[in-house]
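Reader: I am new to looking at protein models. Can you show me how to read one?

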Amino acid sequence: LSQGAVYMDPAPPLPSEAEAGSVRNPLSDTPENVARGAVYYQYYCVFCHGETGNGDGLVGESYVPTPADLGQAKFATYSDGELLRACLLGTGHAPVLERVVAPEHRWYLVLYARQFGQ
């Protein structure tokens, strides 16, 4: 490392597209974990997807295409691994969110994102 550089462990790899269908969230769907996901949603997602997850965040309104409505029925059919990939690599996300969202926050976001489809 050069002087002044800080070493960071690389983020664990995301499941591949082929394996994502069988990957399950290691976190339990508890009120505490969902509440933690809500905090991380405010860190990473609200600016584009909005408070209600329907894609009307202040930043997202300027995007073409506009951010996804997280309440769409299609997201309820995604496995946990598929939803994780969509959160980090979906349209407009790659490669930024894969690098920005801390690995320890990712599964909480998946739990919280599921709330929009209920």
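Reader: What covers the buried residues of helix 7?

Author: Start with the partners. The cover includes helix 2, helix 5 and helix 6. Keep in mind that this is a predicted model.

Reader: Which residues of helix 7 are buried?

Author: A residue counts as buried when its relative accessible area is under 20%. In helix 7 these are His105, Arg106, Trp107, Tyr108, Leu109, Val110, Leu111, Tyr112 and Ala113.

Reader: What is the mean confidence of the chain?

Author: Look at pLDDT. The protein chain has a mean of 91, and 97% of its residues reach 70 or more. Confidence is highest in helix 2, at 98, and lowest in helix 6, at a mean of 89.

Reader: Let us take helix 2, then. How many residues does it have, and how far does it reach?

Author: Compare the span with the expected one. Helix 2 runs over residues 31-44, which is 14 residues. From first C-alpha to last, helix 2 reaches 20 Å, close to the 20 Å expected at 1.5 Å a residue.

Reader: Which residues of helix 2 are buried?

Author: Asn33, Val34, Gly37, Tyr40, Tyr41 and Tyr44 are. They sit on the same side of helix 2, because they cover an arc of only 115° around the axis.

Reader: Which exposed residues are on the face turned away from that buried side?

Author: Exposed means over 50%. That face of helix 2 carries the exposed residues Pro31, Glu32 and Tyr43.

Reader: What covers the buried residues of helix 2?

Author: The cover includes helix 3 (46-49), helix 6 (96-100) and helix 7 (103-115).

Reader: At what angle do helix 2 and helix 7 pack?

Author: Read the angle and the distance together. The angle is about 100°, and the axes are 7 Å apart. Helix 2 and helix 7 are therefore roughly perpendicular to each other. On the helix 2 side, the contact includes Val34, Gly37 and Tyr41. On the helix 7 side, Tyr108, Leu111 and Tyr112 are among the residues that make the contact.

Reader: And where do helix 5 and helix 7 stand to each other: at what angle do they cross?

Author: The axes of helix 5 (residues 80-89) and helix 7 come within 10 Å and cross at roughly 100°. So these two helices are roughly perpendicular to each other as well. Helix 5 makes the contact with Asp80, Gly81, Leu83, Leu84 and Leu88. Helix 7 brings Arg106, Trp107, Val110, Ala113 and Arg114.

Reader: Which residues of helix 5 are buried?

Author: Asp80, Gly81, Leu83, Leu84 and Leu88 are buried. Their arc around the axis is only 160°, which puts them on the same side of helix 5. These residues pack against helix 1 (17-20), helix 4 (73-76), helix 6 and helix 7.

Reader: Is Ala86 buried or partly exposed?

Author: Check its accessibility. Ala86 lies in helix 5. Ala86 counts as partly exposed because its relative accessibility is 21%. Leaving aside neighbours within four places in sequence, Ala86 is in contact with Tyr78 and His93.

Reader: Now a loop. Where is the place of Gly21?

Author: Gly21 is in the loop between helix 1 and helix 2. At 44% relative accessibility, Gly21 counts as partly exposed.

Reader: Which residues does Gly21 touch, not counting those up to four places away in sequence?

Author: Gly21 touches Ser79 and Glu82. Gly21 and Ser79 are 58 residues apart in sequence, and their C-alpha atoms are 5.4 Å apart in space.

Notes: Residues numbered from 1 in each chain as written. Predicted model: local features only at pLDDT ≥ 70, side-chain atom pairs only at ≥ 80, totals over all residues. Heavy atoms only, no water. Helix = DSSP H or I, 4+ residues; strand = E, 2+ residues; numbered from the N terminus. Expected span 1.5 Å × (residues − 1). Buried < 20%, exposed > 50% of the residue type's maximum accessible area, 1.4 Å probe, protein only. Arc of directions from axis to C-beta. Contact = heavy atoms within 4.5 Å. pLDDT = per-residue confidence, 0-100. Axes fitted to C-alpha atoms, helices over the stretch in contact; angles between N-to-C directions. Parallel < 35°, antiparallel > 145°, perpendicular 65-115°, else oblique.
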